[in-house]
Amino acid sequence: MITLHHLNNSRSQRIIWLLEEIGIDYKIEFYERHPVTIRAPQALKDVHPLGKSPVISDDQTGITLAESGAIIEYLVHNYAPQLKPNSDSPMYWQYQYWMHFSEGSLMPPMLISLVFTQLQKAPMPFFIKPVAKMLSEKTMANFVSPNIKALLGFIENHLSQNTWFCGNELSGADFQMSFPLEAAVARGIINESLPHTLKYVKTFQARKAYQAGLEKGGEYDYA
Ligand SMILES: N[C@@H](CCC(=O)N[C@@H](CS)C(=O)NCC(=O)O)C(=O)O
């Protein structure tokens with residue numbers, strides 16, 4: 001049996017969607033973020049030293065695995081090989097590309113943007129505030145926002161020609177890409193100006209398995 005160590009409001013939701021889509025038996029161990037720091041609790045460090053979610057453990061193989069991409073690969077390899085293109089097809093490299101792109105290229109500037117937004121709201125001495133504001137606005141305008149815009153434009157172009165990230169078939173890459181895209185929709189970064197991406201997010205969120213996963217996962221702000 002697979003156990004998913006699930007932190008509320010986190011990337012782990014995409015693993016619940018995948019587990020629901022595959023239809024295997026699994027159980028969820030719930031962990032709650034600290035209400036102020038929004039960090040994961042210490043208990044998650046007892047499961048994996050980095051204390052981040054998602055983590056799965058499989059009592060059949062004795063394997064405990066962190067990192068969404070590795071978890072998706074593990075679940076697809078063992079339980080749903082149909083969700084990965086054959087290694088001799090060109091789609092296989094599309095699959096690899098988007099599996100890596102999600103956390104490797106898209107998440108870092110999104111995270112920096114979130115940090116700067118939080119920084120502007122953070123309590124600090126009044127004379128520091130204008131400096132912090134100027135620094136974060138300049139970094140956002142010169143570096144982060146253009147980067148995010150280029151990445152989202154690139155995705156929009158891809159989704160204008162493909163139903164899913166690997167052509168016409170749902171694959172592991174869609175689960176991996178789902179979190180940054182739905183978080184960007186929830187934050188208003190993706191809107192009607194990116195119609196294909198918006199439609200893509202609404203399409204996967206409407207799937208029965210996704211909805212079942214939402215019910216099981218508890219609090220989630222990005223759907
Ligand atoms: N690249 C990792 C990132 C894992 C990660 O940062 N998870 C966040 C939730 S979205 C977390 O556990 N944060 C709590 C903390 O850092 O205390 C993955 O895709 O699994």
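At what angle do helix H5 and helix H7 pack, and how far apart are their axes? Let me start there, and then move on to the sheet and a few individual residues. Please keep in mind throughout that this is a predicted model.

1. **The H5 and H7 packing.** Two packed helices are described by the angle between their axes and the distance between the axes. For helix H5 (residues 129–159) and helix H7 (residues 195–205), the angle is about 70° and the axes are 7 Å apart. An angle from 65 to 115 degrees counts as roughly perpendicular, and H5 and H7 are therefore roughly perpendicular to each other. On the H5 side, the contact is made by Ile 155, Glu 156 and Leu 159. On the H7 side, these meet Pro 195, His 196, Thr 197 and Tyr 200.

2. Asn 162 sits in the loop between H5 and helix H6 (172–186). Is Asn 162 buried or exposed? The relative accessible area of Asn 162 is 17%, and the limit for buried is under 20%, so Asn 162 counts as buried. A polar atom of the Asn 162 side chain lies 2.8 Å from the backbone oxygen of His 158.

3. **The sheet as a whole.** Strands of a sheet pair through backbone hydrogen bonds, either parallel or antiparallel. Here four strands form an open sheet in the order E2-E1-E3-E4, with mixed pairing. The edge strands are E2 (26–31) and E4, each of which pairs on one side only. From one strand to the next, the twist averages 20°. Helix H3 (residues 68–79) packs on the sheet and touches E1, E3 and E4. The direction of H3 makes about 135° with that of E4.

4. **Strand E3 and its neighbours.** Which residues cover the two faces of strand E3 (residues 55–58)? Val 55 and Ser 57 are on one side, Ile 56 and Asp 58 on the other, and all of them are buried. Strand E1 (residues 2–7) runs antiparallel to E3, and four bridges join them. Within that pairing, Ile 2 has Asp 58 as its bridge partner, while Thr 3 stands opposite Ser 57. E3 is also joined by four bridges to strand E4 (residues 63–66), again antiparallel. There Asp 58 stands opposite Ile 63. The hairpin of E3 and E4 has four residues between the strands, and Gly 62 takes a positive phi near 75° in it.

5. **Backbone details to look at.** The peptide bond from Ser 53 to Pro 54 is cis, with omega near 10°. Pro 54 belongs to the loop between helix H2 (43–47) and E3. Ile 38 has a positive phi of about 50° and lies in the loop between E2 and H2. With a relative accessible area of 51%, Ile 38 is exposed, since exposed means over 50%. Glu 67 has a positive phi of about 80°, and this residue is in the loop between E4 and H3.

6. **Tyr 26 in strand E2.** Tyr 26 is part of strand E2 and is buried, with a relative accessible area of 15%. What does Tyr 26 touch, not counting residues up to four places away in sequence? Its contacts are Met 1, Ile 2, Ile 16, Leu 19, Glu 20 and Lys 216. With Glu 20 there is a side-chain to side-chain polar contact of 2.5 Å. Tyr 26 and Leu 4 are 22 residues apart along the chain, and their C-alpha atoms are separated by 7.4 Å.

7. **Val 115 in helix H4.** Val 115 lies in helix H4 (residues 91–121). Val 115 counts as exposed because its relative accessibility is 53%.

Conventions. Residues are numbered from 1 along each chain as its sequence is written. Side-chain values use heavy atoms; hydrogens and water are left out. Buried means under 20% relative accessible area, exposed over 50%, partly exposed in between (1.4 Å probe, protein chains only). Two strands pair if DSSP finds at least two bridges between them. Axes are lines fitted to C-alpha atoms, for helices over the stretch in contact, and angles run from 0 to 180 degrees between N-to-C directions. Angles under 35 degrees count as roughly parallel, over 145 as roughly antiparallel, 65 to 115 as roughly perpendicular and the rest as oblique. Contact means heavy atoms within 4.5 Å. A polar contact is a pair of N or O atoms within 3.5 Å; within protein, one must be able to donate a hydrogen and the other to accept it, and residues adjacent in sequence count only if both atoms are side-chain atoms.
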